[in-house]
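This report describes one protein model in plain terms. Please look at the structure below before reading on.

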Amino acid sequence: MNYKNLICHRKPERSFFIKGHQFPVCARCTGFYTGLAIFLIYDYFYEIDYSFNLLIISVILLIPTAIDGFTQLFKFRESNNTLRFITGLIGGLGLIIFLKIVIKWIIESII
C-alpha cells in the first residue's frame, strides 16, 4: 500500500506545477490544507463562538467541494485546477470548523 495516497492521490493532471515541479498534493488538497491553515491561524488570534449555527455553516461550506468532487467522479463534467483549489479552500474551512466543534462538544461531554 502506498501511504502517500492516504493524504492525496497526487495525479499530475490535477496538480499545480511551479517551474516544472509538481506540488506534493493535488489542487483540491492544496486548497483544503490552505483553508485549514488559514482558519487555525485566525482561530489562534481571535475568539470564536463554536455554536450550533456555526456547525450548520461549516456543513454548508462542505457542499461545494462535494458537488465538484462527485460531479467529476461520476463524469458529469470535468473540473479544472482553479475550481478544485477554490472548492478545496472552502471545504477546508468547513471541515476544520466542523471538526473543532465536534471535538469541543466531545471534550465538554466527557468533562
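Glu-108 has a relative accessibility of 48% and so counts as partly exposed; buried means under 20% relative accessible area, exposed means over 50%, and partly exposed is in between, with a 1.4 Å probe and protein chains only. Lys-104 is also partly exposed, with a relative accessible area of 32%. Lys-104 and Glu-108 form a salt bridge in which the closest N and O atoms are 3.9 Å apart. A salt bridge is a side-chain nitrogen of Lys or Arg within 4 Å of a carboxyl oxygen of Asp or Glu. Lys-104 and Glu-108 are four residues apart in helix H3, so about one helical turn separates them.

The model is predicted: local features need pLDDT of at least 70 and side-chain atom pairs count only at pLDDT 80 or more, while totals for chains, interfaces and linings use all residues. Residues are numbered from 1 along each chain as its sequence is written, and side-chain values use heavy atoms, with hydrogens and water left out.

**Overall layout**

The protein has three helices and two strands, in the order β-β-α-α-α from the N terminus on. Helices (H or I, at least four residues) and strands (E, at least two) are DSSP runs, numbered from the N terminus. Along the principal axes, the C-alpha atoms fill a box of roughly 50 × 30 × 30 Å. The protein has 111 residues, of which 32% count as buried. Among contacts with a separation of 6 or more, 62% come from residues 24 or more positions apart; a contact means heavy atoms within 4.5 Å.

**Salt bridges**

How many salt bridges does a search of the whole structure find? The search finds five.

| Pair | N to O distance |
|---|---|
| Arg-28 and Asp-68 | 2.6 Å |
| Lys-100 and Asp-43 | 2.3 Å |

Arg-28 forms its salt bridge with Asp-68. Arg-28 lies in helix H1 (residues 27-45) and Asp-68 in helix H2 (residues 52-73), so this pair ties together parts that are 40 residues apart in sequence. Both Arg-28 and Asp-68 are buried. Arg-77 joins Arg-28 and Asp-68 in a network of salt bridges.

The side chains of Lys-100 and Asp-43 also meet in a salt bridge. Because Lys-100 lies in helix H3 (residues 81-110) and Asp-43 in helix H1, this pair ties together parts that are 57 residues apart in sequence. Lys-100 is partly exposed at 26% relative accessibility, whereas Asp-43 is buried at 17%.

**Aromatic pairs**

The whole structure contains six aromatic pairs. Rings of Phe, Tyr and Trp (its six-membered ring) pair if their centres lie within 6.5 Å; planes under 30 degrees apart count as stacked, over 60 as edge-to-face and the rest as tilted. Phe-70 and Phe-74 are stacked, because their ring centres are 6.1 Å apart and their planes are at 15 degrees. Phe-74 also pairs with Phe-76, at 6.4 Å centre to centre and 50 degrees between the planes, in a tilted arrangement.

Are these residues buried or exposed? Phe-74 is exposed, with a relative accessible area of 51%, and Phe-76 is exposed at 66%. Phe-70 is partly exposed at 48%. Elsewhere, ring pairs link Phe-16, Phe-23 and Phe-85 into a cluster.
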